Number of protein chains: 2
Amino acid sequence: MDLHQLTRELNSKNDSKIVLLVADGLGGLPMEPGGLTELETAKTPNLDALCQRGVCGGSIPIKPGIAPGSGPGHLGLFGYDPLQYVIGRGALEATGIGFELGPKDVAIRGNYCTLDAAGKISDRRAGRIPSEESAPLAVRLRQVKIPGIEVFVEPVKEHRFVVVLRGEGLGGDVHDTDPQKTGVPPLAPRAVNAASQKTADAAAEFIRQATKLLAGEKKANGLTLRGFSAKPALPSYEEVYGLKAAAIAVYPMYKGLARLVGMDIVGKAQTLTEQMEVLKENWDKYDFFFIHFKYTDSTGEDGNFSEKVKRIEELDAAVPAITALGPTVFIVTGDHSTPSFLKSHSWHPVPTLLVSDCCRYDGTKTFGERDCLRGGLGIFEAKYLMPLALSNAGRMGKYGA
Amino acid sequence: MDLHQLTRELNSKNDSKIVLLVADGLGGLPMEPGGLTELETAKTPNLDALCQRGVCGGSIPIKPGIAPGSGPGHLGLFGYDPLQYVIGRGALEATGIGFELGPKDVAIRGNYCTLDAAGKISDRRAGRIPSEESAPLAVRLRQVKIPGIEVFVEPVKEHRFVVVLRGEGLGGDVHDTDPQKTGVPPLAPRAVNAASQKTADAAAEFIRQATKLLAGEKKANGLTLRGFSAKPALPSYEEVYGLKAAAIAVYPMYKGLARLVGMDIVGKAQTLTEQMEVLKENWDKYDFFFIHFKYTDSTGEDGNFSEKVKRIEELDAAVPAITALGPTVFIVTGDHSTPSFLKSHSWHPVPTLLVSDCCRYDGTKTFGERDCLRGGLGIFEAKYLMPLALSNAGRMGKYGA
């Protein structure tokens with residue numbers, strides 16, 4: 001049973017407001033056994049006060065023991081089963097740089113590589129060429145012309161770039177051209193199915209012209225293409241929840257993920273304070289607000305415990321601006337944990353807090369990993385947050401008579 | 001993996017007794033943040049004493065955030081995945097009025113409607129005609145005769161009635177005739193598949209004759225038919241658990257639901273005290289007893305917090321009559337929450353208590369929402385209660401060698 005089958009059938013509209021505040025990588029770990037996590041260390045009077053009239057729990061992004069990337073982490077929070085809905089690597093890469101994919105697009109992740117005199121790959125990442133050197137190459141590759149197809153080339157970090165082919169009848173299923181080893185030439189693009197033959201042909205033509213354009217380069221004189229993918233077919237928030245939704249994010253990746261589920265991207269905020277202003281300005285126009293805060297993740301990735309603590313305190317300071325608007329349902333969570341101790345995304349349940357008038361207060365006093373474990377939401381899969389949000393907002397009818 | 005595949009393979013018989021006491025809509029909410037729920041407010045010395053030698057938890061009827069109707073709520077408690085086993089609307093309506101469906105039956109929910117001179121619907125609910133006026137119409141419709149098919153018509157509340165067609169080869173898949181709007185005539189019954197063509201034809205004939213019989217009525221001069229459904233194919237308690245099961249309920253709906261899973265309906269109790277007498281009388285004849293107590297739900301639906309508290313105390317007072325019989329496993333739970341605060345069924349986990357000699361006591365002191373959250377059963381889906389009951393009764397072998 002698809003959860004969206006239930007939300008599609010049971011949702012109803014009212015004038016409630018739901019706020020989903022996502023502190024990326026919120027969950028953490030102590031730096032030594034018996035210590036406190038970043039969140040437990042941080043002074044969070046506003047979040048603690050919310051706990052005292054809310055219900056808490058630990059959100060499992062995918063399944064126990066599975067650490068997610070940003071894509072599946074957010075899909076889970078948005079209520080899209082991250083094991084069912086998969087965003088192709090090309091589409092995620094394009095989304096991450098803010099490229100707005102359309103229905104006729106195939107997105108492809110490109111890598112520059114080094115080819116020897118015989119055309120065999122001697123370095124799969126072109127010596128990890130720095131971004132300053134690789135960015136102009138992407139601009140150069142825009143000279144590629146393919147009849148009937150619009151070609152976009154965008155630089156990404158170091159040896160990476162994105163190609164988007166736009167045209168009629170372009171299927172998204174083409175095998176990678178990266179042979180995953182050196183000493184052999186790149187593979188030719190091969191279509192997985194007949195519907196993708198035109199894409200494979202266009203990719204072959206792209207490679208032919210691009211290799212000519214790169215011929216004079218020392219390091220980046222070749223390329224491989226990976227992760228061919230059409231725009232993922234995600235039903236919209238309006239379709240599955242009956243919600244008019246807005247995203248207030250700073251980074252392109254999170255705007256892109258929100259756009260894929262049909263949220264409007266509102267404002268041009270660069271700071272959390274500005275995000276709060278955008279929220280206020282748009283309060284009357286939407287039912288649902290996704291607010292993304294990046295720095296709890298990036299400080300965790302850096303292994304910077306004390307800086308992550310500070311960023312959590314910055315987040316806490318923004319809470320009153322949200323509560324002042326009187327949301328019907330206010331959720332604070334993360335898309336995954338990013339413990340400074342691990343310097344990476346992790347699988348640990350994410351501290352989660354839901355406040356509404358009917359949330360069944362659970363006696364939690366402070367917002368932290370251990371308190372959340374004993375909370376009324378229990379340890380639950382992230383994909384259930386949206387049905388919970390809808391129900392707490394009075395937007396869900398009952399299942400069966 | 002179907003849970004019943006496991007219970008079918010692993011169950012074994014012994015002379016244990018299992019009691020499932022269902023307080024309908026048991027779970028609640030405080031009336032203000034930080035307050036106590038109905039169950040937390042009620043004085044429940046007997047249930048608290050059971051907690052002190054039992055294990056507690058919070059039962060999720062369907063999935064987090066999904067509030068169930070009585071049908072799916074009870075199926076979950078009975079261990080039938082409520083998303084897998086769906087009882088059609090017609091079958092549930094028939095069940096609710098105590099009509100015992102047989103294998104050759106198709107149950108249909110009927111609505112009286114008002115037709116204008118052109119035969120178009122002007123009121124889909126016949127002005128919500130009162131039950132006193134509508135009940136005689138159902139009796140009149142029993143005059144309908146269809147060759148080779150037995151026709152039953154039973155009154156329900158206000159503009160509603162139930163039709164059951166009984167005969168050979170009647171498939172249950174026919175589209176609703178209710179166009180869901182006014183200004184158009186009712187739709188003709190259309191079969192969804194070839195196996196239901198005979199049903200569609202019989203329904204058309206029913207409508208033809210019934211419309212004649214209703215022609216003189218001012219409000220209820222027409223009808224629509226909805227929720228065509230055969231008797232749901234639910235395996236019996238004997239089949240899936242090896243249990244000879246009895247139901248001790250007052251209301252037809254719960255007797256009907258129990259009958260659908262093969263329980264015997266025993267006694268004619270009208271009060272909880274009488275239900276306890278029926279239990280005692282039948283103690284030696286069955287392995288499993290389902291006892292249904294309605295009033296924790298109806299008081300919650302009324303928003304009557306203090307009356308719900310009283311009903312919980314009434315329930316508590318019945319507990320010694322059960323423990324006196326020495327059940328091997330005694331479970332107290334609800335099919336869903338019905339907080340007085342919401343005046344409706346809700347999605348919140350239902351306080352649940354299981355007592356047996358091997359239940360692993362969890363230190364819970366009192367029976368209430370917040371205590372149950374910290375209990376040894378955790379927050380679990382209702383469908384797992386039956387395997388837990390069987391295991392605690394020594395009726396389940398191990399899975400694999």
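F78(A), Y80(A), Y85(A), Y237(A), Y241(A), F288(A) and F290(A) form one aromatic cluster, where rings of Phe, Tyr and Trp (its six-membered ring) pair if their centres lie within 6.5 Å. This is a predicted model, in which local features need pLDDT of at least 70 and side-chain atom pairs count only at pLDDT 80 or more, while totals for chains, interfaces and linings use all residues. Residues are numbered from 1 along each chain as its sequence is written, chains are lettered from A and ligands numbered from 1 in the order in which they are written, and side-chain values use heavy atoms, with hydrogens and water left out.

**Aromatic pairs**
- Over all chains, the whole structure holds 26 aromatic pairs.
- Y286(B) and F289(B) form a pair with 6.1 Å centre to centre and 75 degrees between the planes, which is edge-to-face (planes under 30 degrees apart count as stacked, over 60 as edge-to-face and the rest as tilted).
- Y286(B) is buried at a relative accessible area of 8%, and F289(B) is buried at 0% (buried means under 20% relative accessible area, exposed over 50%, partly exposed in between, with a 1.4 Å probe and protein chains only).

**Salt bridges**
- Over all chains there are 44 salt bridges, each a side-chain nitrogen of Lys or Arg within 4 Å of a carboxyl oxygen of Asp or Glu.
- E381(A) and K63(A) meet in a salt bridge of 3.0 Å, N to O, and this pair links distant parts of the chain, 318 residues apart.
- E381(A) counts as buried at 19% relative accessibility, whereas K63(A) is partly exposed at 34%.
- K63(A) and E381(A) also belong, with D81(A) and K383(A), to a network of salt bridges.
- In chain B, R395(B) forms a salt bridge with D287(B), with the closest N and O atoms 3.3 Å apart; these two residues are 108 residues apart in the chain, and both are buried.

**Contact between the chains**
- The contact (heavy atoms within 4.5 Å) takes 26 residues from chain A and 33 residues from chain B.
- Chain A and chain B bury about 2400 Å² between them, 66% of it on carbon and sulfur atoms, where buried area is the accessible area (1.4 Å probe) that two parts lose on being put together, summed over both.
- R360(A), Y399(A) and A401(A) supply 34% of the area that chain A buries against chain B, more than any other three residues.
- Between chain A and chain B, the count of salt bridges is zero.

Definitions and conventions
Helix = DSSP H or I, 4+ residues; strand = E, 2+ residues; numbered from the N terminus.
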